[in-house]
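Work through the exercises below with the structure at hand. Each task is followed by a solution in steps.

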Amino acid sequence: MSGEATYLDAIRIALGEEMERDGRVILLGEDIGVYGGAFKATAGLLERFGPQRVIDTPVVEEAIVGAAIGASLRGLRPVVEMQFFDFAARAFDMITNFAAKHRYRTGLGVPIVIRGPSGAGVHAGPFHSQSPEGYFARTPGLAVVVPSTAADARGLLKAAIRDDDPVLFLEHKLLYRRAKEVLPEGDGVVPIGRAAVRRPGRDLTIVTYGAMVPLALDAAAELAKEGVEAEVIDLRTLLPMDEETVLESVKKTSKALLLHEDARTLGIGAEIAATLAEKAFEWLDAPVLRVTAPDTPIPFAPSLEAAYLPGLSTLLAAARRLAAY
Amino acid sequence: MTTSPEQQRDLYRHLLLTRLLEERMVSLYRQGKMTGGLFRCLGQEATAVGSAFALEEGDLLIPIIRDLGATLVRGARPVDILRQVMTKADAPARGRDGFLHFCLPEKGLYSAIAMLGTAVSVVAGMVLADRYLGKKTVGMTYLGEGGTSTGAFHEGINFASVQKLPIVVVLEFNRYSYSTPSEMQCGAATLADKAAGYGVASAIVDGNDVLAVVEAARRAVAWAREGNGPFLLECKTYRRKGHAEHDGQAYVDPEELAEWTRRDPIARFERHLDEGGVLDAAAREAVRAGIDAELDAAVAEAEASPAPIPDPEFRGVRADEEAVVKRREETFVGGLR
């Protein structure tokens, strides 16, 4: 349908609009210029903005982030593409030891964005499918953003670029071409740190993010047929967490189901469960449940990957158990 | 480009300031007034001072922890350093980090980074930004043998070479990386050999000859500024103390240490100043007296500075942190620990 933009279009649009608006915004990454990015998120930007602003780099993830940090300390607003977010592990030191601590240590902020595709579901195997947000979401000094819709992909990326400190922007590759909508008029900036209630409900709360949001909405539609109204919260930002929206919902429904694609142990769900235990104990009518990927690497074969990922039947079973509690 | 008598006197002052300030810090360390370890520049002063001396105003420098001399040349004041090592509230890092871990951006001085090699791509990014902004800035940073073993060094120098970025990496060959001798750190005959693998220029200089260091560093800086890409400048010097003051350096051959003590860079420069009639013994004594007086005042001032007071909201991690301030406060149920 004309007028609709995919999640991937939305990212490219946000980059172009921010580069147009602010001459300090530059892009660094592998194959982002001439090739337009492995997923084409930067297609056409080299032609529009030139090689001084769209910089193809060698395969040096650590140095790309290091150079972005350096450039940010001299007044630019670099946006780094990780070809796959799995490879951010190569820049872990730069991100967690250096960028995250810089303002605290020295008083000088590091306004960089590190963006790229994360997540499974496209049969990409153990090194191109991970959801590494958990490694970063417990690092003070970072912000971790995980959009699930095209409008949020555009609006949150713009907010990330305008932020004065490092933001990790984890796109979900499964949503690149599946999520689409007509983008809002105007700037469309979406503030970092605020969750969205995607579907209101009174019986239980599903807290999730990224590519699990559409799954949660499918489950909620199914549950509605059974007379169970599930509220679906899309966190959108993992650090800082919008605790209020989650607490407000759980105080209303008294039941919480935490859904994520990242592995179970010490995932985002664990932090939310702890927060609910501290602050919503007296409102809870059932145990807090988690539906997550298991604690294993991500398998390659489609049949194995399908079994690995949280699916509709598992989610429905958990939701029904909560509803009946 | 020769080094004028005026510049030689300035160099001497910085060399001596580095050494005497370090001696004050040793004393503070032994009195338990310092926070953390003391990483000495002793024996390497000519490398640290001479290299930084080649930069111009507006240029950028990221030292490593042993480069006190380079930091002073860039304009850090002794009182800044003393407050840093005593982690005072009015230190540049306000007690949040120590010693050479602070930024004075108006002086083109940026914080040392504990993870060695990291600074190469960071300084490369700084001059990449400056080039984009139309400035002809040169960036200088430092590494020892150990630092050149890191992946960060290789990635950084490779990126800088591809982008032809104007950086000078001063490779301080000082014989030990903590306790590990150079032959256990690096298989190449020299650190400068590594330049060929990245298509960058290099040179080796006697790191204990301050005038040779200044002149080699000027050539390196000019090379970079003219757009030829990075330059690796290996300075052959020697770390005369252990990794830090706690380290008794039992792994060092005493004869090797004695030999390098005889090659002391400051004594060597003093002989040169005598021979050239640039600064005689009496004049040098006056320089020393001036530095001593300056350091007396700086030590007193830094000791009088207050310790940092904990902030109950632990602010300053991000510019926009309202959302997390509340969570941090909850860490302290019943008040500040």
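**Exercise 1.** In this predicted model, find which residues of α3(A) meet α7(B), and classify the contact.

Solution. Start on the α3(A) side: Glu62(A), Ala63(A), Gly66(A) and Ala67(A) take part. Their counterparts in α7(B) are Gly151(B), Ala152(B), Glu155(B), Gly156(B) and Phe159(B). Sorted by class, the contact comprises four nonpolar, three polar and two charged residues.

**Exercise 2.** Describe how the axes of α3(A) and α7(B) are arranged.

Solution. Angles of 65 to 115 degrees count as roughly perpendicular, so α3(A) is roughly perpendicular to α7(B). The handedness of the crossing is right-handed.

**Exercise 3.** Give the strand order of the five-stranded open sheet in chain B and identify the edge strands.

Solution. The order is β1-β2-β3-β7-β6, with parallel pairing. β1 (60-62) and β6 (201-206) of chain B each have a single partner strand, so they stand at the edges and one side of each lacks a neighbour in the sheet. On average, neighbouring strands are turned by 20° against each other, direction ignored.

Within chain B, six bridges join β2 (residues 139-144) to β3 (residues 167-173). Thr141(B) has Val169(B) in β3(B) as its bridge partner.

**Exercise 4.** Which strands of chain B does helix α5 of chain B lie across, and which does helix α10 of chain B?

Solution. Helix α5 (residues 118-132) of chain B lies across β1, β2 and β3 of chain B, at about 175° to β2(B). Helix α10 (residues 210-228) of chain B lies across β3, β6 and β7 of chain B, at about 170° to β6(B).

How values were computed: Residues numbered from 1 in each chain as written. Chains lettered and ligands numbered in written order. Predicted model: local features only at pLDDT ≥ 70, side-chain atom pairs only at ≥ 80, totals over all residues. Axes fitted to C-alpha atoms, helices over the stretch in contact; angles between N-to-C directions. Helix = DSSP H or I, 4+ residues; strand = E, 2+ residues; numbered from the N terminus. Parallel < 35°, antiparallel > 145°, perpendicular 65-115°, else oblique. Left-handed = near helix turned anticlockwise from the far one by under 90°. Contact = placed C-beta atoms within 7 Å. Nonpolar A, V, L, I, M, F, W, Y, C, P; charged D, E, K, R; others polar. Pairing = 2+ DSSP bridges.
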